[in-house]
Every structure is written in C-alpha cells, then in structure tokens.
Amino acid sequence: MRSVCRYSLAILLCGFSFLRLEAQCPKRPDAGTVVKDPLAVNSVNGVLTADFTMRHSVDNGGYNHYCINYDTDKGEVEAPTLRLHQGDRLILNLKDRIESDGDDSAGMEAMDMSNTPTCGDTGTPTLSSTNMHFHGLNVPPSCHQDDVLTTLLQPGKPPFQFNMQIPKDEPPGLYWYHPHVHGFVEFQVNGGAAGALIVEGMDKVRPEVTGLTERVFVIRQQYLVPWVPGPYQLTINYQDAASPSLPSPVINMKPNEKQFWRVVNATIQDFMPLQVWFNGKPQPLQLIALDGYPLAKPRNQDTVLVPPAGRAEFIVQAPPQNNEAIFISLGYSTGPTGNPDLEQQLARIDVSNDADEASTPQAPVQAKEAPQAAKSDDAEPAPSITISSLKFSGLRNLKPTAQRKVYFSEEFGGTNGPIQFYITVDGQKQKIFEPNEKPAITTHIGAVEDWTIENHALETHDFHIHQIHFMLLEVDGKPVKDQDLRDTYEIPFWEGPGHPYHSIKARFDFRGAIAGTFVFHCHILLHEDMGMMHKILVLPKDAPDPN
Ligand SMILES: [Cu+2]
C-alpha cells in the first residue's frame, strides 16, 4: 500500500512537470506493433565501454519517465542490453542530466547524510539525483563498482565512472541495472530507468539453448502521476501492454520454432505468473535459469512466477501455423494491504513463416568486432562450463556457520496515516532504514549462513539482497525439491490471526570477495524507498567487529 503523503506530493510534482519539461526521453514504440529487442552493446576484447545519460520527460499521456540513454551515431537509444563475458570489464560513464522543475523532494523528507561517506557528488539526494545498481552481479560493494549506499550523482556534474570486472566464475545469465538512490528508486524505475545485462555463455552451461533465436523482454510498469489507486500499466520493451483497451504488442515466431526468452521483471511492484497459451491452454515452458543462475537441470513448467526484480529464462515453442498464441501474466494476490496485480496479456504471438529473424539490433560501433549474440548456430561449438565451476556452487553440502531470522512487518501510523514498512533482524527493534545507521547484520568473508525470512504483514513482500545469490532450502518449513540460486524471492502475506506466517529458509554464501557494506530489502520499490531495508557489513576474515 502507498502512503497518503506520497500521493499528495506526487500531484504537486506533476503540476510542475506537466507544463514545462521538454521530452528528453526517446519516443516509445506505438501500441500494437512488433516488439523489438533492446539494442545490444557487446564487450569487445574483454571490455565494454558505454556512455549513459540519465534524463527525464513527461509524455503526452502524462506519464513521468526517467530514461537511461545510450549515445549512438543515430541519436540516443534507451536502456540497451549490456552483453559481457565472464571476466570482462564493464566501464560505464554515467552523467545525470535530469531537468527538474520545482519540488524534487518527491515527498521524501531530506535525509540525514551526516557521517555517510560520499562516492561521486556531494549534496542531498533528491529526485534529480541518481546512481546505478547492477542487480544480481556478484561484484564488490565499493565506490565505482556496485555501491548504492554512498554513490550519488547530481544533475549537471561531470560523468561518473563505474569500472568493474565481471567475476571469472559469474554465472552466465540475465542480470539488470537500475538507479538506486534511497527514497527515489520507485520514481526513477517507474516506466523507465532500467535495462538488461547479460553474462554470455548460457549455451556453455545449458546446451538446450544452443542455436535458438534469443529474445530479451524487459517488462516495466508505470503509473500516472498523480497516482490513482489500482493496478499500474505494464509495458514490454517500452510498448504499452494494455490489451484490450490498446492493441496488443506482437511477438513474431515461425511455426513450431523454439526461441530462448530472457525476461526481466523490471516492474516497480508486479508479481508476474508468466504463461504462454495456445490451443486454449498454457504450454510447457522449458525453464533454463532464474535470477541469472542456470538451473542444475532444466524443468518444464506451465507457469513461471517472477517476482519484482526477478528474471526468468526459458525456451518457448511456437504452435503450428494459423494458431493464436499469447504471452500473459496472470493475476496474483498480494493480500489485504497489497496492491492488486491483475491479469494482463503482455503480447500476442504472431506465428508466420515470414517472421523477422533479426530481432536483436546491435550497437553499430561495437558490433563490428563483436560476435553476434542473438544467433549462435554457425559458431564453433563452445567449450562447456560446468555448474560446479560457478560462483556459489557446492553450497548445498556446506555446514552453515550461523543461523538468523529476519521478518517483514507493517505498522499503521494513525487512523489514516501512512503505513510504516519494516524489515527486522529478529531480536532487534523495528525501525526504518536511515543512511547513517549501523549495519543490522555483521558477518565475515567465508561465512555460510542459513536465514529464515518470515512475512508478518498482510501484504506480500519481495526479499532481495545485493552482491550475492542465496540457495533456496525451504518454503513454509518444508524442504524444496529445486534448490535454486536466487537473488530475489517472494514471501506471501499473512492470512491473519490463526494462520502461520509464510517463510523461506535460504543459505547465504559470503565466501566471495565482497567485503564491505551493502543492503537487503523488499524489492517492491515503494517499500524500499520508505525504509524496508537495512545494511549488512561483511568484514574480512578474522577482522574484529567494530560495532
Ligand atoms: Cu515489500
């Protein structure tokens, strides 16, 4: 649920923005057109260098958009897919060119940043500030890498450089990037500022995908400002998915063709049970990877539930010619105090022998030397990568060094007052996140911990931790059959008195080179912005705890 205070300030914000801002974001595709993949920018000789500019505009429909623009010689393109290999270096120059009018506090009280180290520009975070999080990447939480706590970019300042090496044992798969300035994440990701990042090599782990046409679908979600209660508009690669009130987006496939779909849930809060339908029923999807981690064994599922910020990679087989097929997100109940996630057709699948093969436009400069990513059937057979060589492998057989319990909860602040959103380490006092707080959890490099995460709220929450994946062990106290590696996982709402809390138990692996402070939080972005987040400090092995 959303707070009254945010609502009224959003109206204010809109009142200013509507009148004066020139469009800074590229035009979005028309409704009912063929869904194109994002532009792919490939690494060349082990390095991917890209220049991004964060901008803002308000479209004709009144939607506020923040956009991550990438410079090409034909103009700016929005949110390209960054494609790198294990061990490659990502050099991303990001500049903040958000133009704001009037109040850009977005209803957030100015945060106390005292005693908070600074990386990048100084000043108070506002709606015009930005930074970047590389969701799922197992890279250090340090300045110029994946540090959302202290990295701050302010409008008009020189570009800030992110420079990080993708670990050599990073799982091949689908990751994503988005801004993560505490208090303003939802506004910037709302309908816009998010893109996919792929670590190449899935075919080396899961040969099932070899030679298949690959599609990248980034599902976003947008609401009108001023905000009105109810479900928000979904988009697929920036095209409105609002059938039947707008013509459905179109995905082209050849009859009986198998394609490898890589889907990012870049929504602000939508839990998406994904299905592909034809012949009047959902079809089996061959699930290959979740949250950028290849499955130990592919499995067939009719429904793939992808929580906000989750990713699913699966093989879809088209029906024979002259069959209608659809790609759909089913409705999902998030509980009495949750927002409704309604059923929505994401696209109509057009089955024809004339289907366009070149679905992934490549960035012109980099593509000259880079391998074509979308098709790999004429490439040399890739040497295989074994699951056991990937980060976090072998976790199943390790003995945990600590057990913890963490829980989500909510609290009404008055008769009509805003809800407070908490994530709490059991035994500590419930409190919302503050930038200068001490870490709620301190651990050491080398630790392997089992956490039980419960939901005490009447609303489903969406657990995410930065920097590492965790291995799912139990759901509601029962061992799971598939111990998938995840970085985001849903914990359903409490049904009320007389019912047990829903929970998961998962194993957290701190054996990697990730010393530093980072965060765990709910990935319903409003909840994160309102403080449903805390810090975890990972100390070097044997270092004393300073707290
Ligand atoms: Cu939440």
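Is Cys522 buried or exposed? With a relative accessibility of 0%, Cys522 counts as buried. Here, buried means under 20% relative accessible area and exposed means over 50%, with partly exposed in between, using a 1.4 Å probe and protein chains only.

Before we go on, a word about what you are looking at. This is a predicted model, in which local features need pLDDT of at least 70 and side-chain atom pairs count only at pLDDT 80 or more, while totals for chains, interfaces and linings use all residues. Residues are numbered from 1 along each chain as its sequence is written, and side-chain values use heavy atoms, with hydrogens and water left out.

Now turn to other cysteines. A search of the whole structure finds two disulfides, a disulfide being a pair of cysteine sulfur atoms within 2.5 Å. One of them joins Cys25 to Cys67, with 2.1 Å from S to S. Cys25 sits in the loop between helix 1 (4-20) and strand 1 (40-42) and Cys67 in strand 3 (residues 64-72), so this pair ties together parts that are 42 residues apart in sequence. Helices (H or I, at least four residues) and strands (E, at least two) are DSSP runs, numbered from the N terminus. The link of Cys25 and Cys67 is left-handed, with -90° about the S-S bond. Cys25 is buried at a relative accessible area of 11%, and Cys67 is buried at 0%.

Next comes the disulfide between Cys119 and Cys143, with an S to S distance of 2.0 Å. This pair links distant parts of the chain, 24 residues apart: Cys119 is in strand 7 (residues 119-120), and Cys143 is in the loop between strand 8 (133-135) and strand 9 (151-152). The torsion about the S-S bond of Cys119 and Cys143 is about 80°, so this disulfide is right-handed. Cys119 is buried at 2% relative accessibility, whereas Cys143 is partly exposed at 35%.

Finally, count the bonded cysteines along the chain: the disulfides follow the pattern 1-2, 3-4.
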